[in-house]
Number of protein chains: 2
Amino acid sequence: MTEALTPDSPVKTDAPTSGNAAQVPETPELGTVPLTPEQVEAAVHSIADRSRQAARHMGQANRAWKDRALRAIGVALKEQQESILAANAKDVESGRSNGTSAALLDRLTLTPARIDGLVAALENLAGLPDPVGNVVRGQTLPNGLRLRQINVPMGVVAAIYEARPNVTVDIAGLALKSGNAVILRGGSAAGHTNAALVTILRDALESVGLPADAVQTVDQFGREGANVLMRARGRVDVLIPRGGRELIQTVVNNSSVPVIETGEGNVHIFIDESASEDMAVDILLNAKTQRPSVCNTVETLLVHSKSTVLPAVAVALRSAGVTLHVDSRIQGALSGAVDTVPADDLDWATEYMDLDLAVAMVDSLDDAVAHIRKWSTGHTEAILTNNLANAEKFIADIDSAAVIVNASTRFTDGGELGLGAEVGISTQKLHARGPMGLTELTTTKWIVQGEGQIRG
Amino acid sequence: MTEALTPDSPVKTDAPTSGNAAQVPETPELGTVPLTPEQVEAAVHSIADRSRQAARHMGQANRAWKDRALRAIGVALKEQQESILAANAKDVESGRSNGTSAALLDRLTLTPARIDGLVAALENLAGLPDPVGNVVRGQTLPNGLRLRQINVPMGVVAAIYEARPNVTVDIAGLALKSGNAVILRGGSAAGHTNAALVTILRDALESVGLPADAVQTVDQFGREGANVLMRARGRVDVLIPRGGRELIQTVVNNSSVPVIETGEGNVHIFIDESASEDMAVDILLNAKTQRPSVCNTVETLLVHSKSTVLPAVAVALRSAGVTLHVDSRIQGALSGAVDTVPADDLDWATEYMDLDLAVAMVDSLDDAVAHIRKWSTGHTEAILTNNLANAEKFIADIDSAAVIVNASTRFTDGGELGLGAEVGISTQKLHARGPMGLTELTTTKWIVQGEGQIRG
């Protein structure tokens, strides 16, 4: 329905796309670029305007062309693996000498296996259907007007994220597949790596005849560049923060650009009176220990005071290395059979992302719901029960992106829910809620076709 | 799928809903309440928290109950028409003595006929399907998990608008029908009228057993109240500004709460070389003169230099009282046959909302697209053409909420596009784009049901 360009069509650019040398300095020493705030604003706006131009071409590239670009990026990443790893080694070395924690260093580090993972993700993206052009709804009106509402790309997508260079490739791939241009602001601690990756991405786009400016970075402008990006309403169509709580809150509080808030998951499981012991043990072990560092892992367990499964669940979790932060009633019920530490309000609020679990006793479903309403981040909550009315009440009362009955909270995931790829997990209610796939990086357009109809 | 309450179910409130006397002073003298900013913040947060409580009840009320509330509001508006008109007369009198323009006074004024219109709109709303509970998509996964993504209410909807008291009833009705609670901030110039209307709305809700706090106002806290509302992220789920450009920009620039930007329409029609004269005349007359004060009326006409229809279109528009603001080429082409005034860049940027039309000549479809990209607000653009390739190219190249081929721009309207009711016309890309119906006041929730599934 849109005039799709093909790989053989000429790419018409209103302005010549410049090479990326000027835009991505080889050694971006963030914060040291001697520009005034006004100069940074002008430079970032210029990047956004080039992104808008590039977005027009990306939006009209057909699926075959976009998939060719994704595969070209994958090939280039492997071909230039050594230079990527060399750039990454500089960042890791800087981080180590700055006293960066082992966990953050691990997230910062690229390895051949991790680059293989990025390439595999790009190949997976290339295999997914194109969200652009999908007809959302349509009808012919009594007056003969033909209506269609179709998915079209957002246009200019921006991302602000922490020092995880894999996000650079990941978010760029998702944005390109959905027909957008992307402006990246990675963590300064990954500056060398991101600069190398952005160069590779841009070169690969050009190699298949798509505009290099579909991928740009504002890393060279440091924090001020990020500030301009957050206020560039009209120039940036959507801004996605990816990272920890502090980063996301900073972006939310300082943006006039539309933001999709992602990720924070203070996830609860409520074991109702009627839940079976086997199911409770299996699901808690899976939800807590399969991959504790991600957002859909359980952080608080609520146990009905009449449930008999607590000892078995506690023993299983403790045996798996989980530290149990328990309230006094749970401590009393376990009567020393399992090692625990005392919990306070900080525990109910904490997303541990580690082998830690807060555990509280409640006397009713309503009490469980009240606890969840008070402490939840609206990501995922689950009930384990054999009581139909309680399951239905939990589904109705819980106001979270995903509500799960008798299954692991680890299923709140774009791949598991059949979306194919995941942009992130939205914990806000506008536009997208829960796992976001490629379609969530599109908007819609109404197309109305007639032969002279006027309104009566 | 959710446990729907029925009109006969008891409404369980965690806190008693107070009467509205304390909340809506009979004579809200805005800005004169002697509260510190901290006190205003605490008071508005308390209102938002009561709104959250009320939203939980509204979200579980079934359609029959919500429709009963809408009809009760309609009955009460007619029964208490005299007191509404008396309150409105005070506002109109104040406005007149303050030198308010005739156009604004007209928007401020309620009449028995206008109240009838509000009642009819509520009756129409009651006749519409309930968006809540609609299944967006769903499937059973290979592991047996049953997935459903359903529409659920946003929760707490806020609206900031200008002195048009009909918006008070209109937006409250839309929010209630979609299962939300609403917090209103009307223009201070309509303070007496809005206070009277809010009291009636709250009493009507209570009369059918729904929480009065589902409708609240922060008018008594003046501008500071609006500021707190705009920053109440987490307490307010979505904020809808309704009004002119200045109000919308103020809300967009000062909100950390998710905002849906509505309304501004600098609408274009491009007459291509192949458009027929009859169609061009009919559509331009309809799009400009049928209701010039609304956002889907055409504001700029672009005419292909090889088109022959310009004289007929210009004569017809001028005869209908339209002032034509033309560029020099149009002036030359008309060679004095029709009265015109010269146009400059301000005209290309202006949403006249009156019997004024900017007219420019272009040499190609690409030039028309370039003009539109430069000046459009992304609301609606139309092409009149008999050339299929040009129609398809226009559809693909124009990045607006609605793209129309050979029909009037006045069709960009929730009623005309079959949405039943209209919350506003979104000119942003996130969440909703174009006319917004009741579904756009909902979000979604994933419901995952299993029997012990864990992730492998």
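Biologist: How far apart do the C-alpha centres of domain 1 and domain 2 of chain A lie?

Modeller: They lie 36 Å apart. This is a predicted model: local features need pLDDT of at least 70, side-chain atom pairs count only at pLDDT 80 or more, and totals for chains, interfaces and linings use all residues. Residues are numbered from 1 along each chain as its sequence is written, and chains are lettered from A and ligands numbered from 1 in the order in which they are written.

Biologist: What makes these stretches of chain A domains?

Modeller: An automatic or database domain assignment sets the bounds. Domain 1 is 37-254 and domain 2 is 267-416.

Biologist: Why are S4 and S5 of chain A called paired strands?

Modeller: Strands are DSSP runs (E, at least two residues), numbered from the N terminus. Two of them pair if DSSP finds at least two bridges between them. Three bridges join S4(A), residues 181-185, to S5(A), so the two strands pair. They run parallel. One bridge links Val182(A) to Val215(A).

Biologist: Which strands form the open sheet, and in what order?

Modeller: The order is S5-S4-S3-S6 in chain A, with parallel pairing. S5 (215-217) and S6 (238-242) of chain A are the edge strands, because each pairs on one side only.

Biologist: How do you know that Val182(B) touches Val157(B)?

Modeller: Contact means C-beta atoms, placed from the backbone, within 7 Å. Val157(B) is among the residues that Val182(B) touches, and so are Ile171(B) and Ala214(B), not counting residues up to four places away in sequence.

How values were computed
Contact = placed C-beta atoms within 7 Å. Helix = DSSP H or I, 4+ residues; strand = E, 2+ residues; numbered from the N terminus.
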